[in-house]
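Here are my notes on the model you sent. Please read them with the structure open.

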Amino acid sequence: MDGIRGQTEARRRFLRMLVASPLFAGSHFLGNSLGNLLATNAVAGEKAGRLLDILQQSEDVISSPDQALDLMDFEIAARKALPPAHFGYLATGVDDDATVRANREGYSRIQIRPRRLVDVEKVDMSVRLFATIWSSPIVISPISDQKAFHPEGDVAVARAARAKDHLQIISTVATSSIEEVMAARGAPVWQQLYPTNVWEVGRAIVKRAEKAGSTAIVFTVDLQEGSNRETLFRAQLADKRECTACHQSAYTGYARPRPGGASGSFAEFVTRNPMFDGLDLSKVTQFRPVPMDWDFVKRLRDTVAVKLLIKGVVTREDAQIAVEHGVDGLIVSNHGGRAEETLRPTIESLPEVIEGAGGKIPVLVDGGIRRGTDIFKALALGATAVGIGRPEAWGLAAFGQPGVEAVLDVLRRELRTIMRQAGTSSVEKISRNHVVIRPC
Ligand SMILES: Cc1cc2nc3c(=O)[nH]c(=O)nc-3n(C[C@H](O)[C@H](O)[C@H](O)COP(=O)(O)O)c2cc1C
């Protein structure tokens, strides 16, 4: 054990030396390259996230969205823009953050097989999701509490989604109401659902979303209480601001209150989440239903009048049961590595979920998607569309609506480029034959 610690410390010292050296000084490009190398093989098992933290202290930060070359530029800008605890909330995984990294690494094990001499003068990135055709397969995954990242929160995201024509999924714990978001989006958004342990509360959220015009309810099933979000807890400790100025209470289910900080009831905790406005929360103690089981899904299916999707399924077995319960779609997700430390990338779960769904319902995937090539690989493995979580929030935190638009632009540009390079002029033409999975 001491030997491993010694090695880790030696690596850290080495990295610090590298970062401090004139060769790396201020170079985000070199820092990123080294970071990518570290994140793949060289220091597997080590807390590469913290090493990357060191690298990302670089002053080499973009000052406008158009300067960004890739999505990671927005991460650095977001880190600079946000107080430590808020960035920690966005960045955190659980335990060693290894599943967060695994989500990324999964894509590096898939290689692309480009076909040549195919006419790709015109590239069509559109996909159909239920009755709607979207101009790209890039969906904005639900992110809670976005006003912690930018004062305009989900409304700015909705305006960006409107400008760039993307499907947006709004969190139950959004800090803007679905009505405001829908007005800003100018089209239906999907409503993510944490039903709580009180049926009437969950039902009221569903009915409010349907009334507002939401065309799908996305029931998230991958989060139990008490995830060990160590990176968040450390960031909270590092943040010397007085949190109680904004946070009236801390909900111990998901975020441990910092020592000496306030703690309180569920109702106090969600005062800034408009989806709970006007509801009787006196008996609500948690976000998830109790018990969270397939009977609950059946009950929900009977209640939801629009499409019902389940987010967080990662196995063939659960996909099969979901289809049997009349679910309309699945999102393969591990909550961006923030729920449990499985070490299993969502891109590796995708094929078995698709198999379990048996081609009967659409299957989306999110987690670790940072490049157009990642999207291409997910589509080649059979995903109908993909979701992005943190990157959208990085763009928002750094530059508000223009930042989110730029994130979407970069991803679309990268996807178009790889589709052309691989000889695929439309999403339907991207097939399993366009990728090979490298043996471990
Ligand atoms: C700060 C943050 C808040 C999130 N809030 C929710 C949420 O309210 N509901 C939900 O279903 N998923 C939530 N997620 C998970 C995302 O929807 C998505 O599954 C995940 O971020 C995808 O991984 P990525 O961040 O690597 O793209 C959240 C993720 C983050 C980073």
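1. A term first. Contact here means heavy atoms within 4.5 Å. By that rule W199, R203, V206, K207 and E210 of α9 meet F296, R299, L300 and T303 of α12. Keep in mind that this is a predicted model.

2. Now the geometry of that pair. Helix α9 covers residues 199-212 and helix α12 covers residues 294-303. Their axes come within 11 Å and cross at roughly 35 degrees. The crossing of α9 and α12 is right-handed. By class, the residues of this contact divide into 4 nonpolar, 1 polar and 4 charged.

3. The crossing of α7 and α8 is right-handed. On the α7 side, the contact uses D154, V155, A158, R159, A161 and R162. On the α8 side, it uses E180, V181, A183, A184 and R185. The residues of the α7 contact with α8 comprise 6 nonpolar, no polar and 5 charged.

4. Look next at Q168. It sits in the loop between α7 and β5 (169-170). Is Q168 buried or exposed? Its relative accessible area is 2%. Buried means under 20%, so Q168 is buried. Neighbours within four places in sequence aside, Q168 is in contact with I140, D154, V157, A158, A161, V181, R185, V189 and W190. Among these, D154, A158 and A161 of α7 also take part in the contact with α8, as do V181 and R185 of α8.

5. On to the core. The largest nonpolar core holds 117 residues. Which of them touch the most other members? They are F74, F149, F276 and L330. Helix α17 (residues 401-421) gives the most to this core, with 9 residues. In soluble globular proteins, nonpolar side chains tend to be buried together.

6. Residues up to four places away in sequence are not counted here. F276 touches T172, V173, T196, V201, I205, F266, V270, L281 and F287.

7. Last, helix α15 (residues 372-380). This helix is mostly covered, with 8 of its 9 residues buried. The buried ones are G372, D374, I375, F376, K377, A378, L379 and A380. The charged residues D374 and K377 are among them. Just after α15, G382 takes a positive phi of about 110 degrees.

Note on methods. Residues numbered from 1 in each chain as written. Predicted model: local features only at pLDDT ≥ 70, side-chain atom pairs only at ≥ 80, totals over all residues. Heavy atoms only, no water. Core = buried A, V, L, I, M, F, W, Y, C linked by side-chain atoms within 4.5 Å. Buried < 20%, exposed > 50% of the residue type's maximum accessible area, 1.4 Å probe, protein only. Helix = DSSP H or I, 4+ residues; strand = E, 2+ residues; numbered from the N terminus. Left-handed = near helix turned anticlockwise from the far one by under 90°. Axes fitted to C-alpha atoms, helices over the stretch in contact; angles between N-to-C directions.
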